[in-house]
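Below is a short note for a colleague who is new to this structure. The points are numbered and can be read with the model open.

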Amino acid sequence: MSLYNLSLAGIEIGFATSLIVSLLLVLTTRWHGRYSLDATRGVQKFHITPTPRVGGAAIMTGLWLALGVLPQAQRDLLLPVLLASLPAFVFGLAEDLTRTVSVRTRLLATIGSGVVCWVLTDVTLQHTGLPLLDSMLGWLPFSVLFTAFAVGGVANAVNIIDGFNGLASGTVVIGLGTLGLIALGAGDIHLAQLCFVICAVTAGFFVVNFPLGKLFLGDGGAYLLGFLLAWLSVMLVYRNPSVSAWAPLLACAYPIFETVFTIMRRLWCRRHPGHPDSWHLHSLVKTAITARYLRMLPPPLRNAFVSPVSWGIALVPAALAVNYAGDPEVLVQGALASFALYLGVYALVVSAWRARRRHAPGLMPVAAAPLAVKPVVTTSSNGQGATSGLVAARIAANPSANQPGGLADHNRKQTAPVLARRRM
């Protein structure tokens with residue numbers, strides 16, 4: 001099946017609608033900014049200008065309008081998925097507007113979307129290539145819960161990597177494009193069309209988000225795109241038995257790697273897995289590489305240059321998935337090699353960050369035990385000295401103090417972080 005045989009109406013309408021609504025959201029910020037603007041202070045905040053974080057509304061609008069021009073067969077596939085995605089999207093958007101919806105609530109809403117999607121489509125994961133798990137998936141209640149949990153996990157993973165201009169949306173476009181090419185190779189023209197339509201809708205937002213970051217995806221957009229990416233992965237395997245379940249796993253590999261490693265890292269450091277920090281790969285790339293070598297660029301462009309590093313990591317397993325979609329042995333080896341690549345890049349970036357910190361004037365890491373009581377002199381980014389006491393109390397009161405801040409890369413005054421002995 002050729003790409004030239006695909007209908008372009010849904011792609012064109014979806015892209016145009018998403019782009020226009022995204023621009024309108026930016027131009028009307030003075031009306032909704034009281035609720036939608038993302039603050040510039042926080043553990044994982046790197047932007048310096050308050051920016052609306054409701055880009056998910058543009059994507060959802062584009063999807064519904066694209067739905068109206070799709071052929072009936074594709075409309076029948078997309079409609080139940082869009083309906084089921086509403087809990088994930090609504091709870092995420094509520095967090096964007098109110099800042100009061102917990103991570104657990106949003107995750108449960110996304111898992112609930114997975115259950116609703118099973119009710120509407122009767123689609124679940126039925127084979128993974130792992131004999132023991134496949135035997136358990138033969139029991140329908142387990143299959144439904146496992147599928148919903150997996151979908152919720154991928155959606156949450158996309159939200160985790162949503163840290164810089166174009167990072168999450170670009171990664172989702174890579175994943176959806178991978179699924180579309182696999183579906184096309186398997187002869188599933190309708191599912192391939194859906195993947196490319198959602199890519200186009202996402203691209204409409206992407207133009208406004210990357211590289212200048214005029215509009216952010218927000219939790220609503222991240223959970224929506226993550227849910228769509230995950231559920232189309234389930235549908236690909238369900239509709240095409242010749243496609244290994246490892247192929248869509250590799251299509252979603254980068255956000256999954258980031259999430260799995262983040263949980264392992266936080267547990268190793270005896271921290272809550274859901275506690276935010278700025279030791280994500282994209283955060284370290286910003287503080288160790290772009291903030292050092294691209295300091296002549298404006299801050300939005302420095303933020304944007306973080307994304308291509310992660311896209312490169314996402315493209316490697318995606319290419320393997322497209323070329324070996326029906327060969328589980330190669331895909332398993334590819335998954336292990338891709339995870340090793342992720343860990344290697346992470347180790348290199350951490351080494352670069354530590355080297356920069358050692359040579360940064362006035363930034364002396366404190367290798368004190370967590371319960372040590374000792375005054376420490378830190379230096380702010382403008383070179384003025386400031387004395388603080390009780391290191392342990394400070395760390396306990398402000399866990400973000402143990403994070404790799406954007407060294408001298410903010411326009412506002414910022415003290416150097418105090419590092420405990422177990423920094424990773």
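Predicted model: local features only at pLDDT ≥ 70, side-chain atom pairs only at ≥ 80, totals over all residues.

1. The buried residues in question are Ala 88, Phe 89, Gly 92, Leu 93, Glu 95 and Asp 96. Viewed down the axis of H5, they fall within an arc of 150°, so they line one face of the helix.

2. The helix itself runs over residues 86-98. H5 has 13 residues, and its first and last C-alpha atoms are 18 Å apart, close to the 18 Å expected at 1.5 Å a residue. Just after H5 comes Arg 99, which takes a positive phi of about 60°.

3. Leaving aside neighbours within four places in sequence, Gly 92 is in contact with Arg 106, Asp 219, Gly 220 and Tyr 223. Leu 107 lies 15 residues from Gly 92 along the chain, and the C-alpha atoms of the two are separated by 9.3 Å.

4. Helices H4 (72-84), H5 and H6 (103-121) each supply at least two of its residues. Trp 64 belongs to helix H3 (residues 55-67). With a relative accessibility of 31%, Trp 64 counts as partly exposed, because that class lies between 20% and 50%.

5. Helix H3 also holds Ala 58. Ala 58 is buried, with a relative accessible area of 0%. Not counting residues up to four places away in sequence, Ala 58 touches Ser 18, Val 21, Ser 22 and Leu 25. Gly 204 is 146 residues from Ala 58 in sequence, yet the two are 8.5 Å apart in space, C-alpha to C-alpha.

6. Some backbone geometry deserves a check. Most residues other than glycine have a negative phi, and most peptide bonds are trans. Phe 210 and Pro 211 are joined by a cis peptide bond, with omega about 10°. Pro 211 sits in the loop between helix H10 (189-209) and H11.

7. Asp 122 is not a glycine but has a positive phi of about 65°; it lies in the loop between H6 and helix H7 (131-137). Arg 270 has a positive phi near 60° and is likewise not a glycine. Its place is in the loop between helix H13 (253-268) and helix H14 (281-293). Is Arg 270 buried or exposed? Its relative accessible area is 74%, over the 50% cut-off, so Arg 270 counts as exposed.

8. For the chain as a whole, there are 18 helices and four strands. Of the 424 residues, 52% are buried. Among contacts with a separation of 6 or more, 73% are between residues 24 or more positions apart. The chain exposes about 18500 Å², and carbon and sulfur atoms supply 68% of that area.

Methods. Residues numbered from 1 in each chain as written. Heavy atoms only, no water. Buried < 20%, exposed > 50% of the residue type's maximum accessible area, 1.4 Å probe, protein only. Expected span 1.5 Å × (residues − 1). Arc of directions from axis to C-beta. Contact = heavy atoms within 4.5 Å. Areas by Shrake-Rupley, 256 points an atom, 1.4 Å probe, with all protein chains shown as cover.
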